[in-house]
Amino acid sequence: MQVSSLNEVKIYSLSAGRSLPEWLSDRKKRALQKKDVDIRRRIELIQDFEMPTVSTKIKVSRDGQYIMAVGTYKPRIRCFDTYQLSQKFERCLDSEVVTFEILSDDYSKIVFLQCGRFVEFHSQHGHYYRTRIPKFGRDFSYHYPSCDLYFVGASSEVYRLNLEQGRFLNSLQTDASESNVCDINPVHFLFAMGTAEGKVECWDPRTRSRVGLLDCALSSVTADTEIDGLPSISALKFDGALNMAVGTSTGQVLLYDLRSSNPLILKDHHYGLPIKSIQFQHQLDLIISADSRIIKMWNKDTGKIFTSMEPEYDINDVCLYPNSGMLMTANEAPKMNIYYIPVLGPAPKWCSFLDNLTEELEENPESTVYDDYKFVTRNDLENLGLAHLIGSSLLRAYMHGFFMDIRLYHKAKMMANPFAYEEYRREKIRQKIEETRAQRVQLKKLPKVNKELALKLIEEEEEEQQVTRKRKQKNLPSLLKDDRFKVMFENPDFQVDEQSEEFRLLNPLVSKISEKRKRKLKILEELEAREQEEEEEPEGKASDAESSESSDDEKGWVEEVRKQRRLLRQEEKVKRQERFKEDQQTLLKPQFFEIKEGEEFRSFKDSAKKQKLMKKTLGDRLKLEEKLGTLDVSDTTVGSKQATFKLKKSEQQKKQQEAEKRHRQERKALRRSASHLKSKRGRGRLFH
């Protein structure tokens, strides 16, 4: 169990530590617990409280006995029984769940909103019914008095499904283009929905009319906040009859009183991430807001931070167990986190042993490293001039350095470097000046290579931007900013040769294409002006004009291409004449060749033979070498060909071989004469 403390509020992480695989036997689990201290100290509050890959939503039933979570992969729901501290059932679904709602006090009635516009109903035994809504849904709420389900999503309409009659009712038509979240007040059943435009619309279900509109986007933007676009509503939660908390996509939480259009308090998470969940804690008047990175608890009257938690993985949903200090999160990880904060309230009755456990831990506190100490190495102490303190009570040795009081560290640093603040101030001023320089109007710098092409691309981009602004389309990426074409404007090898034959033949076509584009734009502007003036023209006139213009363009282009071809022929003719004159002026001079040592000059016929051989095909050359005996080609057992060849020997090698041959013959003759003399001597001794 991991313990953390912030603002003197202790948070116990009950899901910290490694989890043992299911396929391990009990004997191996006991052996691991004996060996590993972390496994022995971990607390598995609910058995197998996890998902295969990711958990997206988590909720608690109204009776507090069942905890339900949805996740992937495959899409599924898991129900955990708190009285048994284990999983009760698991059901796999056809598509991923966007959100779900528990309609009954226990798990007997559940509604799922799925990705593929499906709404699925489950009863106690399992799947009960499935229907579909017209547009993709993002959230829904249940209106208990009328048994209506209100669905919001990628549409301006709010779809109503009556569960008593089993049919869709007339939808609510809103002013929003899309809606992200919705909620129903538990006291007077006012229906509120958060839109993509950063507004909250409030509707009365009895009269099916809008009774209020809040512009939260303008209220969330202050002088200190930096935003890229218009904030949309990402979270919404009612508290009692009059209070409502709204979370934005830029990381702000606004608390409203329904009687006022101005927020009572504005809290910024300072991460720029959309708010995922908002919960109210009534015992201490706290608001628990969470984005994907951090969970913050703060006072709803003053906005002062109570405590915060930063899990290891991104957060998808937060669930506060009612009337207790337990908090559960769904994460981008298989394991779902469980936190226990004793200050918020007691432990639930099904895990009351947590109170005794935390009391024992507080009575026997472990040694911890506090924030008011600074870790320094021996080199840091020498730079600060505090090396003489090593061994004293002011320094505590730890690993490769020491811990010292943070106040002593700051004093020593000020004495060692008194001008540190001045340097910091100068650096900040320099950064501010660079920021103002970046905001100035910068001139367009053309590249060194292909300047004309770059200028043409810039002009075309400006024209396209004007057209896309009018039509509200997305801008296409620029060729000049693309790294794939960066070399084309840096390397001189890619310079466009305007004097080449290809460029000169294509240049008329390129120029005509740009002219056609300009003419088309003029024609479109004229048509728009005619529509505004509502002047009718006889049919067929515009098409005739266009056809005549297109035919004129084609004639002009053909003439230009012919002209360029004539010029190219004339230039080639002039070049041929110049080459002929140069050939006549040049005189043939005799060339001398030097023969290397050891080689004999035979004739030029050998070189001619070699040239003839090189002109022949490989098959002919192989046949010729087979006749000469330098090459032997045979078939192998596998079915392939085997070639054996002999290298040609040079004159020096031949002479050397002849000398070696003569030397061997001489040695053989000497041996024969010596053996003949020995045999004669042996015979003479026998006769004596």
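A residue counts as partly exposed when its relative accessible area falls between the buried range, under 20%, and the exposed range, over 50%, and Tyr-144, at 38% relative accessibility, is therefore partly exposed. The model described here is a predicted one. A search of the whole structure finds 9 aromatic pairs, and the structure also holds 15 salt bridges. The points below take up the aromatic rings, the nonpolar residues, the salt bridges and some details of the backbone.

**Aromatic rings**

- A pair of aromatic rings is described by the distance of the centres and the angle of the planes.
- Among the aromatic pairs of the structure, which number 9, Tyr-142 and Tyr-144 form one that is edge-to-face, with 4.6 Å from centre to centre and 80° between the planes. Tyr-142 is buried, its relative accessible area being 15%, whereas Tyr-144 is partly exposed at 38%.
- Tyr-321 and Trp-350 also form an edge-to-face pair, because their ring centres lie 5.9 Å apart and their planes stand at 65°. Tyr-321 belongs to the loop between strand 27 (315-320) and strand 28 (326-331), and Trp-350 to the loop between strand 29 (337-340) and helix 4 (353-363), so that the pair ties together parts that are 29 residues apart in sequence.
- Both partners of this pair count as buried, because a relative accessible area under 20% is what that term requires: the value is 7% for Tyr-321 and 10% for Trp-350.

**Charges over rings**

- The charged end of Lys-59 sits over the ring of Phe-100, at 5.9 Å from the ring centre.
- The charged end of Arg-130 sits over the ring of Phe-118, and here the distance to the ring centre is 3.6 Å.

**Nonpolar core and surface patch**

- In soluble globular proteins, nonpolar side chains tend to be buried together.
- The largest nonpolar core has 23 residues, and the members that touch the most other members are Phe-49, Ile-58, Ile-67, Met-326 and Met-328. Strand 3 (54-60), strand 4 (66-72), strand 28 and strand 29 are the elements that give two or more residues to this core, and strand 28 gives the most, with 3 residues.
- On the surface, Leu-613, Leu-624 and Leu-628 form a nonpolar patch whose accessible area is about 260 Å² together. Leu-628 lies in helix 12, which covers residues 618-628, and counts as exposed because its relative accessibility is 64%, where the term requires over 50%.

**Salt bridges**

- Glu-90 and Arg-78 form a salt bridge in which the closest N and O atoms are 3.2 Å apart. This pair links distant parts of the chain, since Glu-90 is in strand 6 (residues 86-92) and Arg-78 in strand 5 (residues 76-81), 12 residues apart.
- The two partners fall into separate accessibility classes, with Glu-90 partly exposed at 34% relative accessibility and Arg-78 buried at 12%.
- The side chains of Asp-405 and Arg-407 meet in a salt bridge with an N to O distance of 3.1 Å, and Arg-407 is exposed, with a relative accessible area of 61%.
- The side chains of Glu-660 and Arg-664 meet in a further salt bridge, at 3.8 Å from N to O. Both residues lie in helix 13 (residues 651-687), where they are 4 residues apart, about one turn of the helix. Glu-660 is partly exposed at 38% relative accessibility, and Arg-664 is likewise partly exposed, with a relative accessible area of 48%.
- Salt bridges that share partners join Arg-76, Arg-78 and Glu-90 into one network.

**Backbone details**

- A cis peptide bond joins Thr-72 and Tyr-73, with omega at about -10°, and another cis peptide bond joins Tyr-73 and Lys-74, with omega at about 10°. Tyr-73 is found in the loop between strand 4 and strand 5, which is also the place of Lys-74.
- Leu-85, although not a glycine, has a positive phi of about 55°; Leu-85 is found in the loop between strand 5 and strand 6 and is partly exposed, at 27% relative accessibility.
- Asn-323, also not a glycine, has a positive phi of about 60°. Asn-323 is placed in the loop between strand 27 and strand 28 and counts as exposed, at 65% relative accessibility.

Definitions and conventions
Residues are numbered from 1 along each chain as its sequence is written. This is a predicted model: local features need pLDDT of at least 70, side-chain atom pairs count only at pLDDT 80 or more; totals for chains, interfaces and linings use all residues. Side-chain values use heavy atoms; hydrogens and water are left out. Patches are made of residues with over 30% relative accessible area and no salt bridge: like charges are joined within 9 Å, nonpolar side chains (Val, Leu, Ile, Met, Phe, Trp, Tyr) within 5 Å. Accessible areas come from the Shrake-Rupley method with a 1.4 Å probe; for residues, only the protein chains shown count as cover. A salt bridge is a side-chain nitrogen of Lys or Arg within 4 Å of a carboxyl oxygen of Asp or Glu. Buried means under 20% relative accessible area, exposed over 50%, partly exposed in between (1.4 Å probe, protein chains only). Rings of Phe, Tyr and Trp (its six-membered ring) pair if their centres lie within 6.5 Å; planes under 30 degrees apart count as stacked, over 60 as edge-to-face and the rest as tilted. A charge sits over a ring if NZ of Lys or CZ of Arg is within 6 Å of the ring centre and within 35 degrees of the ring normal. A nonpolar core is a set of buried Ala, Val, Leu, Ile, Met, Phe, Trp, Tyr and Cys residues joined through side-chain atoms within 4.5 Å.
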